[in-house]
Amino acid sequence: LTQQQEALTRELAAPETVAFVARMRTFYGAEAAPVFQVRFVWWPYANRTQAKLRGGSIVLFSPPGVEDDWAPIVLHEYAHFLSAGQPASGREALAAAFARLCPAALALPNPLNALEEPLAIYWGQYRFEREVRGKTLSSQSSWYVQPHADRAAKAIAAAFPADQPAPALGESPLLQAAASVCE
């Protein structure tokens, strides 16, 4: 696990990643950089890995010797961490505004898949790949395991491409883009 940890540390400490994280913090309205611990733990299953966000930490479950692309996973979960740190009144207002545009979101098995997950996908995977790595995620590939979150993230990305400034978080075209895939 030491090699994976060292590789992840190098990628997250790179100046372009540090600048990206600052933009992500601005989006979520986090003025200071909250401490976010990343820990690798041994995992007995050689055919899969797992990540769990727990408070101010993310635990990465990995079998030794398995190489995985952890940076987008960590940044996806960091987006959730930043989102959770927003004032409750702002999160509630955003959720209410989104529910007005997409009432079907409230009927999803996990309503977080309607807006919270798509925003984490948009930042942690889509924008990270483009802004930091210079790569583009194919809209034909799956970005996330849950279909609604995947479609909403792609709708946000189509409305706010990563080669342009990020949208503002609030009642805006951002919510309209996410709601455009409501069924």
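Biologist: Which residue in β3 does Gln50 stand opposite?

Modeller: Bear in mind that this is a predicted model. Strand β2 covers residues 50-54 and runs antiparallel to β3, residues 57-62, with five bridges joining them. Leu53 is set against Ile58, and the residue in β3 opposite Gln50 is Phe61.

Biologist: And the hairpin of β2 and β3, which residue there takes a positive phi?

Modeller: Two residues lie between the strands of that hairpin. The one with a positive phi, near 60°, is Gly55.

Biologist: Which strands stand at the edges of the sheet?

Modeller: It's an open sheet of three strands with mixed pairing, ordered β1-β3-β2. Two of the strands have a single partner each, so one side of each is left without a neighbour in the sheet. Those edge strands are β1 (37-42) and β2.

Biologist: What angle does the direction of α3 make with that of β3?

Modeller: Helix α3, residues 70-84, packs on the sheet and touches β1, β2 and β3. Its direction and that of β3 make an angle of about 150°.

Biologist: How far apart are the axes of α1 and α2?

Modeller: Among the residues that meet there are Leu12 of α1 and Val18 of α2. The two helices, residues 2-13 and 15-28, pack at about 65°, and their axes are apart by 5 Å.

Biologist: Is α5 largely enclosed or open, and where does it bend?

Modeller: 14 of its 16 residues are buried, so α5 is largely enclosed by the rest of the structure. Its end C-alpha atoms are 21 Å apart, which agrees with the 22 Å that residues 116-131 should span at 1.5 Å a residue. As for the bend of about 35° in α5, that comes at Tyr122.

Definitions and conventions:
Residues are numbered from 1 along each chain as its sequence is written. This is a predicted model: local features need pLDDT of at least 70, side-chain atom pairs count only at pLDDT 80 or more; totals for chains, interfaces and linings use all residues. Side-chain values use heavy atoms; hydrogens and water are left out. Helices (H or I, at least four residues) and strands (E, at least two) are DSSP runs, numbered from the N terminus. The expected span of a helix is 1.5 Å times one less than its number of residues. The bend at a residue is the angle between axes fitted to the seven residues ending there and the seven starting there. Buried means under 20% relative accessible area, exposed over 50%, partly exposed in between (1.4 Å probe, protein chains only). Axes are lines fitted to C-alpha atoms, for helices over the stretch in contact, and angles run from 0 to 180 degrees between N-to-C directions. Contact means heavy atoms within 4.5 Å. Two strands pair if DSSP finds at least two bridges between them.
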